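Load the model in your viewer and keep the selection tool at hand. Each stop below says what to select and what is there.

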Amino acid sequence: MNQAPTLLVVDDKKNMTRLIAKVMKKDAIVHAASGGTEALRMLKSQPVDAVLCDLKMPDMSGLEVLRACRQLRPNAEFILMTAYATVGTAVEALKLGAYDYLTKPFEPDAARSVLLRALARSQLAGPAEAAREVLPGVIAQSQSMLDLADFVTRIADSDATALLLGETGTGKERLARAVHELSPRANERFIALNCAAVPAELLESELFGSAKGAFTGAVSDRKGLFEEAHGGSLFLDEIGDMRPSLQAKLTRALEERAVRRIGESQERTVDVRLIAATHRDLESMVQSGTFREDLWYRLNVALIRIPPLRDRRGDIPLLAHHFLRQLSERNRGQAQGYASAALAALEAFDWPGNVRQLRSAVERAYVVARGSAIEAADLPPEVLRSSSSVAHADGTWAEALERGRADVGKRYLVALMQRFEGQVAEAAAHAGVERESFYRLLRKHGVDAGAFRKRSME
């Protein structure tokens with residue numbers, strides 16, 4: 001469904017531009033420029049995914065074109081080709097941001113291999129670079145996350161207790177770290193503890209510390225995490241799992257800004273910003289008496305609700321590209337991008353495990369992928385599974401695959417209509433499909449764009 005990538009070949013010798021056009025005709029839309037001046041005009045006027053440029057040309061050198069390309073098309077991958085390659089030239093090109101260089105004469109298949117990797121990387125780079133870090137370590141472009149980032153930025157400067165509410169896997173600890181890193185306490189310690197991972201009988205000493213001899217095994221005085229985090233921030237994840245008796249002691253610590261080690265009578269003053277998180281419904285727990293109301297009010301000073309990934313589907317491809325880029329930088333796998341069907345499947349899935357599950361799915365696909373792009377078949381089975389189309393054993397294997405493709409396509413179209421509220425022109429542009437073709441796809445899959453417009457206006 002996505003438009004073919006665009007390759008610009010820059011060389012004053014027409015036989016070279018014709019050769020590359022022939023070699024790449026099935027893989028990309030190939031444009032030719034006879035020199036640097038013409039190449040710059042084309043770079044200014046149209047999108048380009050990769051540039052293959054000769055080093056020595058009458059009007060401009062390839063390095064000069066490379067410098068200009070970094071300004072005009074920063075996401076385009078640049079490959080230099082030359083019959084005069086030296087180590088110095090190669091180093092300078094790479095320093096300027098070139099992806100690779102080819103030494104003439106070269107085998108067409110070798111050139112095609114380099115160009116395919118560059119084009120795949122440009123497809124990977126585009127969405128990931130278009131998405132900025134809305135908070136330290138947080139990649140997003142959806143309005144809900146932009147609003148959240150604005151709120152986090154505003155409350156970070158204060159010492160207000162922050163409470164993060166969100167489903168498992170939404171990135172609560174990452175957001176807690178962002179609150180800390182944007183605060184005046186950024187140069188002090190950030191200490192994190194998952195309350196659900198510590199046995200209830202040990203959690204009190206973990207938080208508040210203990211005196212020598214306070215209980216069996218307490219062979220020396222020991223600081224708790226409140227004291228360890230003095231001057232910095234303490235993040236308590238899954239605070240909804242804390243037993244009521246300890247909730248009372250935590251409430252007192254927040255009110256008095258002091259803690260008492262187990263086995264001691266004296267209180268120790270602490271300067272700590274508390275950031276708490278849970279996937280539980282604390283308000284319902286307050287009503288049922290399983291969570292203390294006074295602690296709820298102490299925590300609910302700066303309340304941050306993190307939307308699940310299924311409610312911000314526009315962030316899915318950005319995150320998928322971001323995770324793939326991280327993997328490709330650390331490992332030697334071949335995959336540098338995604339086939340359109342794979343991205344469609346990722347966007348259509350509901351991700352009950354949220355960002356954590358998406359990261360795991362991308363890592364799994366990266367490991368099993370055999371080509372330069374992750375295919376739909378590389379994704380975990382649950383991402384592709386459809387109860388409506390392939391959950392039965394009717395028909396042939398080919399028919400089952402066709403049903404599966406149709407279902408993924410329909411779910412992708414529905415996701416697009418939800419995201420763009422039935423605006424076909426915007427959805428078609430995002431999908432890389434001509435508007436009339438997009439209308440045909442909607443009719444083929446039985447998706448009514450008008451229904452989504454009406455729903456968004458209610």
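Start with the cysteines. Counting a disulfide as a pair of cysteine sulfur atoms within 2.5 Å, the total is 0 disulfides. This is a predicted model, in which local features need pLDDT of at least 70 and side-chain atom pairs count only at pLDDT 80 or more, while totals for chains, interfaces and linings use all residues. Residues are numbered from 1 along each chain as its sequence is written, and side-chain values use heavy atoms, with hydrogens and water left out.

Select Cys69 and Cys53. How far is the sulfur of Cys69 from the closest cysteine sulfur? The distance is 8.9 Å, to Cys53, which is too far for a bond. Cys69 is buried, at 0% relative accessible area. Here buried means under 20% relative accessible area, exposed means over 50%, and partly exposed lies in between (1.4 Å probe, protein chains only).

Next, select Val198. Val198 sits in the loop between β9 (190-194) and α8 (200-208). Helices (H or I, at least four residues) and strands (E, at least two) are DSSP runs, numbered from the N terminus. Is Val198 buried or exposed? Val198 is buried, with 17% relative accessibility. Show its contacts, meaning heavy atoms within 4.5 Å. Beyond its neighbours within four places in sequence, Val198 touches Leu193 and Leu203. Now draw a C-alpha to C-alpha line from Val198 to Met242: these residues are 44 residues apart in sequence and 9.8 Å apart in space.

Move to the helix pair. Select α13 (residues 316-330) and α14 (residues 340-348). Two packed helices are described by the angle between their axes and the distance between the axes. The axes of α13 and α14 come within 9 Å and cross at roughly 120°. Axes are lines fitted to C-alpha atoms, for helices over the stretch in contact, and angles run from 0 to 180 degrees between N-to-C directions. α13 and α14 are therefore oblique to each other. Angles under 35 degrees count as roughly parallel, over 145 as roughly antiparallel, 65 to 115 as roughly perpendicular and the rest as oblique.

Show the side chains at this contact. From α13 come Ile316, Pro317, Ala320 and His321; from α14 come Leu343, Leu346 and Glu347. By class, the contact of α13 with α14 has 5 nonpolar, 1 polar and 1 charged residues. Ala, Val, Leu, Ile, Met, Phe, Trp, Tyr, Cys and Pro count as nonpolar, Asp, Glu, Lys and Arg as charged, and the others, Gly among them, as polar.

Follow the chain past α14 to Trp351, in the loop between α14 and α15 (354-368). Trp351 has a positive phi of about 50°, although it is not a glycine. Trp351 is buried, at 0% relative accessibility.

Now select Arg257, in the loop between α10 (244-256) and β13 (258-259). Arg257 is not a glycine, yet its phi is positive, about 50°. At 40% relative accessibility, Arg257 is partly exposed.

The peptide bond from Lys104 to Pro105 is cis, with omega near -10°.

Finally, zoom out. The protein chain has 20 helices and 18 strands. Of its 458 residues, 48% are buried. Among contacts with a separation of 6 or more, 68% join residues 24 or more positions apart.
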